[in-house]
Amino acid sequence: MASGSYRNGGPKLSAKLDRQHSAVYSTPKASAKSRPPATPATASGLRRSGAGNPASTPAGNKGDAGVPGRVRVAVRLRPRNAEELVADADFADCVELQPELKRLKLRKNNWDSETYEFDEVLTEFASQKRVYEVVAKPVVESVLEGYNGTVMAYGQTGTGKTFTLGMLGEEDSAARGIMVRAMEDILADISADTDSVSVSYLQLYMETVQDLLVPGNDNIAIVEDPKTGDVSLPGATIVEIRDQRSFVELLRLGEAHRFAANTKLNTESSRSHAILMVHVKRSVKGRHDAEPGLPTENGNASRLVSSLRPPIVRKSKLVVVDLAGSERIDKSGSEGHTLEEAKSINLSLSALGKCINALAENSPHVPFRDSKLTRLLRDSFGGTARTSLVVTIGPSPRHRGETASTIMFGQRAMKVENMVKLKEEFDYKSLCRRLDIEIDKLIAANERQQKDFEDEVERIREEAQSRIAEAERNYMNSLENERSKYQKDYMESIKTLEKKWRMNQQISSNDKTTVEHDQCLEKTCNIEGSTASKSEEIAGVRQLLQNERLLQESTEEEVNDLKGQVLHWKNLEAAASAEIIKLRKLQDNEANQKQKLEEEITILKGQLVQLSIETDEVCGEDWASMHFLCTEFKILILQTRSRFDRGGSGKIVTGLDSLMSQARHSQIRDSGNGPKASIAKLFEQVGLQKILSLLESEDADIRIHAVKVVANLAAEEANQEKIVEAGGLTSLLMLLKSSEDETVHRVAAGAIANLAMNETNQELIMDQGGISLLSMTAADAEDPQTLRMVAGAVANLCGNDKLQTRLRVEGGIKALLGMVRCGHPDVLAQVARGIANFAKCESRASIQGNKVGKSLLIEDGALPWIVKNANNEAAPIRRHIELALCHLAQHEVNAKDMISEGALWELVRISRDCSREDIRTLARRILTSSPTFQSELRRLRIEY
Ligand code: ADP
Ligand code: MG
């Protein structure tokens, strides 16, 4: 198998290569026999080009086809099966294939999808023949040329790995899979006299290699030659193959042994890897005859030399691996595996992923030694060997997550450069859209506020003006009134005076005529009389003048009064103007504030776009950090909005403000080290403690966001220990108790379910009263997703052998059974998983002698629900329940209750109709070996 330097080529490598090696790098499209040997230099050059962009070098392309070390990856879509035709009838497939462009579109939602390129895209209509030709034939041709090669199938259980590789095609020859077709090509190409083919057929389960040809042989050692790096299995049975029929027989025998072995261990075949090894040994002829320097002029001498030379034999091997189902059993905790089991089952698969990553990134160290599978493949994978990977996927949108991770595995295998990773996990485009909408909303709200404000200012101004105008009008009117009144009075008094004066004149002329007669006589007397009337008149005029003065004074007073009023109105006007100026200032401030916020939003948008770009460059493990950052952006937008809502005057000081600023600074600070480094550091810099403290924030929005951030972090195994150490588990449990919000309950329960994958955490959850908190949450919950999370958490606890009794005493089983009221299939599947987990642990405890008496599940009344759902139409529910029934039935002490509750019929049905052969066989074995079941079946006259 290739080492780091081997993959990188270089002078050492070229020197190591012999001519035989070089020959294989020529195009596989050329016939194996007519292929000319290439030079060593070409070979090392080609090897380097393995890192080329797969999109530009599609499979089958002559120029690219000879590239070794580059894993060729095809994706194959299984047609909808009967169940999906019904269950997904109203939904589109989660993928759309464009085989002519070698592209696959993974639907994210109704309006968006991600596109991935593969070397080959095989639709649900692709024939087995075509699949063989594009996936395996080039590898088989390489093997016939003397090179090791590997064909692997990777994908979720049920997507067609075994269909692609292992179909025997006895009834329908068109259905023959890759193993059968490869052997046909090999047998057709070799010479029966000089060459030989032999096979081993093995199973790898929980890091143990078992021989599928001789079942007793079940712990086979892997041996590596330190000099050549060749891998061999000296303990494995090797059978020489002479014809196709005996090979098919051998495959059938291997399959039968595989079922038997899995039934005995009570495991499923989907959890094990099946490995077919085909060893090809060919003698090389003809080359020495053409070698220069031999004495050709003398035919006899040449023949003599040839006959003395030892024959050259070329050995190679083809490894066909039907990998274990790629579904994440450690995450789902399915079928009651303890964490240790889950780790062990997945070890080989995850080690394979790590090796592919290391190879793809040209890392100097490839961790082949980490698992049996990678040790086995060491000399047949990458490097000088040709490797083909077919990733199988199903169409159901319900398994979109698994399908996406299968596609990402395939993409990684093709080389990192062509990978679109985080974009798929997290929907950045829609986040961008959402932010745009938020910004538009903020801008519109601000515009409205500004318009209202301007209207208000205008209204105040108009009101002030109309008041001033009215005051002026009033003043002018009253002034005019006073003036005319005064004038009228004045005229009248003048008239009165004139009248009086005229009267006086008349009186004085009459007096003149009379006085001329008696002038002397009456002179004294008249003078006295006239003096008296004059003084009366003067007094009258004086009085009039006095009145005039008074009138004038009162008018003046009134005028003063009016002047005072005018002054008052003028003051009012000045105050209104001052207010207008103040309001204008305020408006200016608002505008400044708005501009600043808009600038801030623009910066945020820029950072978001930057993040989106970065997602193209960082690897899968950074998902949580990226998601975290995005959540932070959401929080920031919320804060920005609330600052807007509060008129932009006050700054809200929360923990998140400082957290955000740290987050942003860390972005800026680290920008020189590349995005990957900055995101990896972010979590550490922000500090888990700070995030956890926000779980207790008084602001409900912030609380929800914080719990979401914690849940996202808890989804990553690497963070779980840190979260628990920092008290996160306790805080999450407290949230179940203290919060009334269903979203908080749902997200917190999800996080707890994730943390509950780990055995230590399971005990901590129990110690902190987790069961009663989860039961309480379940009792209050209405949202099926909340119930699903709670049931998932309890189901994980059910898989812990040590917690069985406590779990039951604290009401765990009752809580599980209580949740079936919701009826949602997702919830029922989790309940069923919990019951299966519990039943499995119980069964194990009974076998080990740690438990006596009836199952606690039966004691707690779970049996009627189990029986009712044993044939549930949803496959996950049915599968868990069928397993649970088998576990319960394995113990004679449960048999009577099972019979009385009708479980016997379900067992009979399972033994006949279950789609999984291993469970079918297990049920049959239980029925035939249990005396209680046997006697009941005899009583009912049922043949068994
Ligand atoms: P896996 O090995 O990945 O668990 P299987 O090969 O057992 O999956 O396939 C599951 C079921 O789907 C089988 O019944 C198989 O016959 C069917 N199947 C898989 N791939 C195809 C296909 N391309 N066309 C038709 N049926 C398929
Ligand atoms: Mg299979």
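Modeller: Let's start with Arg 461 and Glu 458, whose side chains meet in a salt bridge at 2.8 Å, N to O. A salt bridge here is a side-chain nitrogen of Lys or Arg within 4 Å of a carboxyl oxygen of Asp or Glu. Keep in mind that this is a predicted model, where local features need pLDDT of at least 70, side-chain atom pairs count only at pLDDT 80 or more, and totals for chains, interfaces and linings use all residues. As for bookkeeping, residues are numbered from 1 along each chain as its sequence is written, chains are lettered from A and ligands numbered from 1 in the order in which they are written, and side-chain values use heavy atoms, leaving out hydrogens and water.

Both Arg 461 and Glu 458 lie in helix 18, three residues apart, or about one turn of the helix. (Helices are DSSP runs of H or I with at least four residues, strands are runs of E with at least two, and both are numbered from the N terminus.) Arg 461 is partly exposed at 27% relative accessibility, and Glu 458 is partly exposed too, at 33%. Buried would mean under 20% relative accessible area and exposed over 50%, with partly exposed in between (1.4 Å probe, protein chains only).

Lys 451 has a relative accessible area of 47% and Asp 455 one of 40%, so each counts as partly exposed. You'll also find a network of salt bridges that links Glu 456, Arg 459, Glu 463 and Arg 467.

How many salt bridges does the structure hold? There are 39. One of them joins Arg 806 to Asp 767, with the closest N and O atoms 3.1 Å apart. Arg 806 is in helix 30 (residues 804-809) and Asp 767 in helix 27 (residues 759-767), so this pair ties together parts that are 39 residues apart in sequence. Arg 806 is partly exposed at 33%, while Asp 767 is exposed at 54%.

Now for the rings. The structure holds two aromatic pairs. In one, Tyr 154 and Phe 409 are stacked, 3.7 Å centre to centre with 0° between the planes. This pair links distant parts of the chain, since Tyr 154 is in strand 6 (residues 149-155) and Phe 409 in helix 16 (residues 400-414), 255 residues apart. Both Tyr 154 and Phe 409 are buried. Tyr 486 and Tyr 490 have ring centres 6.5 Å apart and planes at 20°, so they count as stacked. For reference, rings of Phe, Tyr and Trp (its six-membered ring) pair if their centres lie within 6.5 Å, and planes under 30 degrees apart are stacked, over 60 edge-to-face and the rest tilted. And here we're back in helix 18 (residues 428-615), which holds both Tyr 486 and Tyr 490, four residues apart, about one turn of the helix. Tyr 486 is partly exposed at 27% relative accessibility, and Tyr 490 is partly exposed at 40%.
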